[in-house]
Amino acid sequence: MNQRRRLPAEWEPQTLIQFTFPHEDSDWAEYLDQVVPCFVEMIEAVCRFENVLVVCKEVETVKNLLAACPPEKLTLVEAPSNDTWARDHGGITIFEDGKKILLDFMFNGWGLKFASDKDNLLTERLFKKGILKAGRLEKPGLVLEGGAIESDSRGTLLTTSECMLSPNRNPHLSKKQLENRLKKIFGLDRVLWLDYGFLAGDDTDSHIDTLARFCDARTIAYVQCGNPKDIHYEALKRMEAQLKTFTDPEGIPYRLIPLPFPDACFDESGDRLPATYANFLILNGAVLVPVYNVPQDAAALKILRNVFPDRKIVSIDCRALILQHGSLHCATMQYY
């Protein structure tokens with residue numbers, strides 16, 4: 001591993017979690033009454049374990065909504081935003097010779113699907129205000145979203161070829177060229193490319209954080225579909241088979257933890273929504289797990305309690321979040 005640079009794993013000690021709060025000028029306009037309580041619940045839950053940064057269109061309104069949060073754990077910042085998916089427009093922390101650097105990748109609305117001009121400026125704005133603290137801000141010059149990458153903290157990056165090789169992200173780079181850039185930027189030894197797996201209703205081109213997640217350096221939790229009649233069955237079987245071929249840096253196969261597939265969730269138009277239990281968030285001393293009011297919720301929580309025995313498992317009703325095709329992890333970004 002390039003000892004100068006290191007991409008931390010999510011389970012390492014964090015300083016804060018960023019949220020970008022929904023507002024009437026975002027795609028949440030028609031769902032605000034449903035999604036605002038979900039954001040309040042997520043923020044209150046995170047505040048039990050660590051500090052929270054909330055980017056707001058208007059601070060006073062959000063401050064009143066979050067009155068139950070300890071004020072010393074909460075930072076509210078007024079700044080314009082297009083949307084709420086902090087995982088993808090937030091900064092990514094790395095360490096170089098032990099010092100923090102904040103990487104500000106370009107965010108182009110998941111391959112030019114949605115407006116992103118305001119979201120793309122947020123990380124630099126927050127850094128210049130002194131709210132996001134690091135030795136320096138670095139702009140790698142690549143389009144990349146935080147939901148597209150998973151780190152084991154030991155020089156391995158897990159990602160999906162469907163997303164990272166999308167022609168609307170970095171079309172000027174071949175797979176090998178992109179891999180070399182990622183290795184240099186993050187100080188990696190290797191990139192594990194997952195070539196299969198998708199969720200119906202997902203706008204991200206199969207972000208890794210919807211499909212397979214590092215839980216520790218030797219454990220990967222992943223989405224498994226057991227219903228041969230489901231449209232996801234074949235792709236997720238292929239994903240599972242490929243995961244079984246992956247090994248850790250010592251050549252040992254990973255401990256693989258299958259997560260149940262939630263019963264299909266639909267919006268009012270009958271379109272399927274991308275519900276997934278893989279979109280959990282690891283915090284200092286806890287794991288927040290999205291649930292969807294379906295029978296599989298209990299099994300998912302039990303599995304993750306066994307995977308994270310030293311952390312408190314907290315469930316969050318994310319049925320509202322998937323109305324805009326994301327879930328819990330997508331709405332958050334951790335800083336170290």
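This is a predicted model: local features need pLDDT of at least 70, side-chain atom pairs count only at pLDDT 80 or more; totals for chains, interfaces and linings use all residues.
Residues are numbered from 1 along each chain as its sequence is written, and local features need pLDDT of at least 70, side-chain atom pairs count only at pLDDT 80 or more, and totals for chains, interfaces and linings use all residues. Side-chain values use heavy atoms, with hydrogens and water left out.

The chain contains nine helices and 19 strands, which are DSSP runs (helices H or I, at least four residues; strands E, at least two) numbered from the N terminus. Its radius of gyration is 19 Å, close to the 20 Å that the globule rule gives for 336 residues, so the chain is as compact as a globular protein of that length; the radius is taken over C-alpha atoms, and the rule is 2.2 Å times the number of residues to the power 0.38. The C-alpha atoms fill a box of roughly 50 × 45 × 40 Å along the principal axes. Of the 336 residues, 60% are buried (under 20% relative accessible area; exposed is over 50%, partly exposed in between; 1.4 Å probe, protein chains only). Among contacts (heavy atoms within 4.5 Å) between residues at least 6 apart in sequence, 74% join residues at least 24 apart.

Four cavities of 30 Å³ or more were counted. A cavity is a set of points on a 1 Å grid over the protein atoms alone where a 1.4 Å probe fits but cannot get out, and lining residues have an atom within 4 Å of a point. Grid points are joined across faces, edges and corners, and a volume is the space filled by probe spheres set on the points. The largest cavity holds about 210 Å³. Its lining comprises 18 residues, with Pro8, Arg87, Ile149, Gln334 and Tyr336 nearest the centre. Two or more lining residues come from each of β5 (92-96), β8 (150-151), β11 (212-216) and β19 (333-335).

Helix α8 (residues 233-243) has as its buried residues Tyr233, Ala235, Leu236, Met239, Glu240, Gln242 and Leu243. The cover over these residues includes β10 (190-194), β11, β12 (219-223) and β13 (255-259).

Most residues other than glycine have a negative phi. Asp205, in the loop between β10 and β11, has a positive phi of about 65°. Asn293 has a positive phi of about 60° and is found in the loop between β17 (286-291) and α9 (297-307). Asn293 is exposed, with a relative accessible area of 59%.

Methods
On a 1 Å grid over the protein atoms alone, a cavity is a set of points where a 1.4 Å probe fits but cannot get out, and a pocket is an open set with protein on both sides within 12 Å along at least five of seven lines; lining residues have an atom within 4 Å of a point.
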